[in-house]
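Hi everyone, thanks for coming. Today I'd like to walk you through one protein model, step by step. Please have a look at the sequence and the structure on the screen.

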Amino acid sequence: MIVVAGEALIDLVPQGTGALAALRPALGGGPYNTAVALGRLGSPAAFCSRVSYDAFGEALLDRLRETGVDVSPVQRGAEPTTLAVATVGADGSAAYSFYVEGTADRLFTVPSALPPGTRAVSFGTCSLVLEPGASAYEELLRETAARGVFTALDPNVRAGLIPDPDAYRARFKSWLPSVSLLKLSAEDAEWLGGTPREWLAAGPAAVVITRGGEGLTAFTRDGGEYTVPGERIEVVDTIGAGDTVNAALLHGLAVRDALTGHAVAALGSDGWTDLLHFAARAAAVTCSRAGAEPPYAHEVAL
C-alpha cells in the first residue's frame with residue numbers, strides 16, 4: 001500500500017482567453033492527482049486527507065473510489081472545498097491562484113494509524129504550507145520516517161501561498177532528514193535554493209529533478225547521476241504532469257521492491273534509467289490531454 005497524504009481541491013480551468021473566460025471545474029490537487037495516478041497504474045493506494053461534505057468533496061472521493069484508491073483514511077468536514085483558479089499559458093504551462101480560507105483540507109489532523117501494509121507515504125504541495133494542517137502533515141512525515149517507512153516529498157512550490165519564503169525554505173530543510181525520495185521541478189529547486197548534493201547530504205536516498213520537456217535527472221547518495229530526455233509529444237497542458245511523475249516513480253520502485261533507502265541506492269544506472277524513462281512516458285501521456293488525466297497501466301510500459 002502506498003499512501004498519499006495531502007490536499008484534494010477543485011481546479012477551475014479557463015475555457016477561453018481573457019479574465020472573464022468560462023471556468024470548468026476539474027478534480028485536482030497535487031497529492032490527489034498522485035493518488036489517482038497510482039490507482040490507474042495499478043498500485044494499491046490510499047488517500048489520507050480531509051475532504052468537505054459539499055458536492056465537490058463527494059465528487060473528489062467518487063473519482064478515487066472509481067480508480068480503486070482506498071479512501072478509508074480520509075477525514076471529513078463541513079467546511080467548503082479549496083478552489084484553485086488555473087491560468088494556462090501559450091506553451092501549455094499552468095499557473096494558479098488559490099481560495100483557501102476556511103476550507104476543509106486545512107483542518108487535517110494526524111491520524112491514529114495508517115492502513116495496514118503501508119510501505120510508503122507521499123507528501124507535498126499546499127498541504128505543507130497552510131496551517132494548521134501543515135503542522136499535522138509535518139508531524140505525520142516525521143512519525144512515518146521514524147518508523148522506517150519509505151517517504152516521498154514533492155514540495156511543488158506555490159509561492160503565492162507562502163507569506164515568508166525564508167521561513168518556508170528553512171522548514172523544507174528541516175524535513176529532509178525524514179525524506180527517502182525528494183522529487184521537485186527545476187523551478188522549485190531554483191526557488192528553494194541549494195543543490196541536489198546538499199539535499200542528499202541531509203537525508204534523502206535520491207533526488208529527482210524534472211525539467212519539463214527536457215527530461216528528468218536522478219541524483220543518488222553514492223554519487224550517481226542519471227538523466228533521460230523527455231518524450232516528444234504535442235502538449236495540451238501540463239496540469240498534473242509532476243504529480244504523474246511522483247506516482248510513476250513510486251509505482252516503479254514498488255514493482256522493483258525498492259521502497260527502502262538501501263534498495264534505491266542499489267538500483268544503479270540501468271535501474272534508474274529505466275525508471276526515469278517510465279516516469280517520462282507517463283508524464284507525456286498526461287500532458288497530451290487536457291487536465292490532470294494520468295495514464296492507465298495499459299498506456300505505458302514499465
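Let's start with the sheet. Eight strands make up an open sheet, in the order E4-E1-E9-E10-E11-E12-E13-E14, and their pairing is mixed. Two strands count as paired if DSSP finds at least two bridges between them. Helices (H or I, at least four residues) and strands (E, at least two) are DSSP runs, numbered from the N terminus.

Before going further, a word on where this comes from. This is a predicted model, in which local features need pLDDT of at least 70 and side-chain atom pairs count only at pLDDT 80 or more, while totals for chains, interfaces and linings use all residues. Residues are numbered from 1 along each chain as its sequence is written, and side-chain values use heavy atoms, with hydrogens and water left out.

Angles here run from 0 to 180 degrees between N-to-C directions, and axes are lines fitted to C-alpha atoms, for helices over the stretch in contact.

Now zoom in on strand E1. With E4, E1 pairs in the parallel sense over four bridges, and Ala5 stands opposite Cys48 in E4. E1 also runs parallel to E9, joined to it by three bridges, with Ile2 opposite Ala120 in E9. In a regular strand, side chains alternate between the two faces of the sheet. In E1 both faces are covered: Ile2 and Val4 on one side, and Val3 and Ala5 on the other, are all buried. Buried means under 20% relative accessible area, exposed over 50%, and partly exposed in between (1.4 Å probe, protein chains only).

Further along the sheet, strand E11 (residues 181-185) and strand E12 (residues 206-210) pair in the parallel sense over five bridges. There, Leu184 has Ile209 in E12 as its bridge partner.

What lies across these strands? Helix H1 (residues 30-41) lies across E1 (2-5), E4 and E9 (120-124), and runs at about 160 degrees to E1. H3 lies across E1, E4, E9 and E10 (150-154), at about 150 degrees to E9.

H3 also has a helix partner. H3 (residues 133-146) and H4 (residues 165-175) pack at an angle of about 25 degrees, their axes 11 Å apart. That makes H3 roughly parallel to H4, a label used for angles under 35 degrees; over 145 is roughly antiparallel, 65 to 115 roughly perpendicular, and the rest oblique. On the H3 side, Ala134, Ser135, Glu138, Leu141 and Arg142 meet Arg171, Ser174 and Trp175 of H4. Contact means heavy atoms within 4.5 Å.

On to the inside. A nonpolar core is a set of buried Ala, Val, Leu, Ile, Met, Phe, Trp, Tyr and Cys residues joined through side-chain atoms within 4.5 Å. The largest one has 54 residues, and Phe47, Leu64, Leu181, Leu253, Trp272 and Leu276 touch the most other members. Helix H9 (residues 268-287) gives this core its largest share, nine residues. A second, separate core of 39 residues includes Phe98, Leu140, Val149 and Leu184. Leu276, from the largest core, is in contact with Val208, Leu216, Thr217, Ala218, Tyr226, Val228 and Leu249, leaving aside neighbours within four places in sequence.

Finally, a few loops. Is Pro73 buried or exposed? Pro73 is buried, at a relative accessible area of 13%, and is found in the loop between H2 (55-66) and E6 (75-77). Pro73 and Ser49 are 24 residues apart in sequence and 7.2 Å apart in space, C-alpha to C-alpha.

The loop between E9 and H3 holds Thr125 and also Pro132. Thr125 has a positive phi of about 65 degrees although it is not a glycine, and counts as buried at 6% relative accessibility. The peptide bond from Glu131 to Pro132 is cis, with omega near 5 degrees.

Asp257 is another non-glycine residue with a positive phi, near 55 degrees. Asp257 sits in the loop between H7 (241-255) and H8 (261-265) and is exposed, with a relative accessible area of 56%.
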